[in-house]
Amino acid sequence: MNLFTFPSASLARTVLTVSELNSSTKQFLEQNIPLLWVKGEVSNLKCYQSGHWYFSLKDSSAQIRCVLFSHKHQYLDWQPKDGMQVEVLALVTLYEPRGDFQLNVETMRRAGLGELFEAFEKLKAKLDKAGLFNPAKKKFLPAFPKQVGIITSPGTAALRDVLSTLQRRMPSLPVILYPTLVQGKTAASLIAAAIATANQRAECDVLIVCRGGGSIEDLWAFNEEIVALAIAASTIPVISGIGHETDFTIADFAADVRAPTPTAAAELASKDHKELSQHLNTLQLRLSRAMLHRIENAMQQIDILSHRLIYPGDRIKQQSIHLRHLQDRLMKTCRHQLERKQWKLLEFNQRLATASPNLVRIEEQQKELTARLHSAYIRYFEILSVQLQHVQAQLSHLNPQSVLERGYSIAYTAQNTVIRDSKQIHCGDRIQVKFAHGMCEADVTKTENS
């Protein structure tokens with residue numbers, strides 16, 4: 001039942017129990033007031049065995065009860081204390097059994113962190129747009145720096161961690177400390193000045209900007225624009241080792257290399273002399289083996305060449321014997337070749353004598369063949385002449401002129417068509433009649449079909 005939905009007149013006549021009033025009030029508060037941030041000072045903080053935190057949040061003129069349950073504060077990495085200024089994200093509600101107006105806290109942060117985070121994001125976006133975080137502009141760390149510069153506060157745990165790490169990894173590596181404050185209002189300008197001093201003196205091959213862990217307020221000097229610009233302007237590669245692994249600052253993004261801790265920054269700036277010694281020993285062993293292998297090969301080659309080496313006098317004597325042997329072989333070969341050519345020449349002469357042509361006989365045969373060819377041509381022409389005469393006689397019999405000479409004639413129509421049938425003409429038609437010598441025209445007066 002929600003009493004606040006009833007008309008005021010009806011509600012005035014209704015008698016409520018305390019439970020009904022508290023329940024309706026709780027519903028009204030939770031449904032009409034959203035989650036909101038509330039700022040105040042922590043007081044009367046009590047931590048129960050259940051893990052829940054109960055405290056009051058107050059300012060100069062008012063206070064309100066708050067509760068933060070264990071499953072919600074387990075993600076906080078800090079412990080609130082009485083008198084601490086905090087900001088809580090909470091739901092306004094009512095604890096029904098006692099009728100206490102209270103806040104159910106969802107999360108909590110130190111006062112001012114909201115503004116700090118907003119300032120952090122704005123500056124990060126601004127510098128990123130300006131190109132300070134461009135990976136292409138990052139400088140490479142030297143493989144074997146001659147000297148390392150450290151920018152931090154003297155006597156801090158971070159400096160001790162860096163120095164002990166450098167001593168352990170590379171004891172012979174010189175270190176120069178550029179002391180500066182790393183926390184406070186003036187820390188940012190002092191850090192930037194230390195970076196500029198290190199670049200002006202140009203004593204180091206790499207710079208380590210480091211600080212131990214802390215809250216965002218403690219690390220805020222490294223979120224200032226002046227520090228980021230100094231790091232970006234540095235001609236010496238800069239390694240940032242600020243806070244813990246989960247801490248990120250603007251200086252981390254501006255640095256050439258970001259290390260999760262100061263110790264890790266020292267490891268990035270130096271080589272481990274034990275690893276280098278081991279690597280050198282490995283290379284020395286490989287070099288020794290390679291040299292021994294080459295020496296053994298050279299010794300084996302010398303043995304082979306020594307067996308091939310002969311005294312010059314003996315070598316000349318052997319070459320003289322070999323030369324005489326070659327001379328004998330050459331003479332024998334020449335004689336053999338000469339004999340072979342002589343036998344071939346004799347064979348060719350015999351074959352030429354055997355195959356020599358009889359010119360007189362060939363001439364007689366030519367004359368005989370010429371006479372036979374002449375007689376054959378005469379007989380062939382006689383046969384062709386007789387055949388021609390026979391064909392001419394046949395043609396003369398078939399010649400129309402010969403027929404006309406025997407008294408016949410040929411009749412043509414007016415269209416010069418030979419008349420072979422009386423049906424081709426009619427009475428009154430004019431026809432032409434051709435004779436062996438001359439022609440005439442005639443009019444048809446009568447036709448008769450046979």
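Asn 44 counts as exposed, because its relative accessibility is 51%, where buried means under 20% relative accessible area, exposed over 50%, and partly exposed in between (1.4 Å probe, protein chains only). This residue lies in strand 1 (residues 36-47); strands here are DSSP runs of E with at least two residues, helices are runs of H or I with at least four residues, and both are numbered from the N terminus. The model is a predicted one, in which local features need pLDDT of at least 70 and side-chain atom pairs count only at pLDDT 80 or more, while totals for chains, interfaces and linings use all residues. Residues are numbered from 1 along each chain as its sequence is written, and side-chain values use heavy atoms, with hydrogens and water left out.

What draws attention to the backbone of Asn 44 is its phi, which is positive at about 55 degrees although the residue is not a glycine. Most residues other than glycine have a negative phi. Asn 416 is likewise not a glycine and has a positive phi, of about 65 degrees; its place is in the loop between strand 11 (410-412) and strand 12 (430-434), and with 55% relative accessibility Asn 416 counts as exposed.

Which residues of helix 6 are buried? They are Ala 187, Ala 188, Ile 191, Ala 192, Ala 194, Ile 195, Ala 198 and Asn 199. These residues cover an arc of only 155 degrees around the axis, and therefore lie on the same side of helix 6, the arc being that of the directions from the helix axis to the C-beta atoms. An α-helix has 3.6 residues a turn, so residues three or four places apart point the same way. The buried residues of helix 6 pack against strand 6 (148-152), strand 7 (175-179), strand 8 (206-211) and helix 7 (225-233), with contact taken as heavy atoms within 4.5 Å.

Helix 7, one of these packing partners, has its own buried residues, namely Val 227, Ala 228, Ala 230 and Ile 231. They cover an arc of only 160 degrees around the axis, which puts them on the same side of helix 7.

Turning to charged side chains, a search of the whole structure finds eleven salt bridges, each being a side-chain nitrogen of Lys or Arg within 4 Å of a carboxyl oxygen of Asp or Glu. One of them joins the side chains of Glu 96 and Lys 26, at 3.9 Å from N to O. Glu 96 lies in the loop between strand 4 (85-95) and strand 5 (100-110), whereas Lys 26 lies in helix 2 (residues 18-32), so the pair ties together parts that are 70 residues apart in sequence. Glu 96 is partly exposed, with a relative accessible area of 31%, and Lys 26 counts as partly exposed at 26%.

Asp 100 and Arg 98 also meet in a salt bridge through their side chains, at 2.8 Å from N to O.

In another salt bridge, the closest N and O atoms of Glu 267 and Arg 168 are 4.0 Å apart. Glu 267 belongs to helix 9 (residues 262-269) and Arg 168 to helix 5 (residues 157-169), so this pair ties together parts that are 99 residues apart in sequence. Glu 267 counts as partly exposed at 35% relative accessibility, as does Arg 168 at 44%. Elsewhere, salt bridges that share partners join Arg 430, Glu 441 and Asp 443 into one network.

Tyr 377, which lies in helix 12 (residues 359-398), is partly exposed, with a relative accessible area of 48%.
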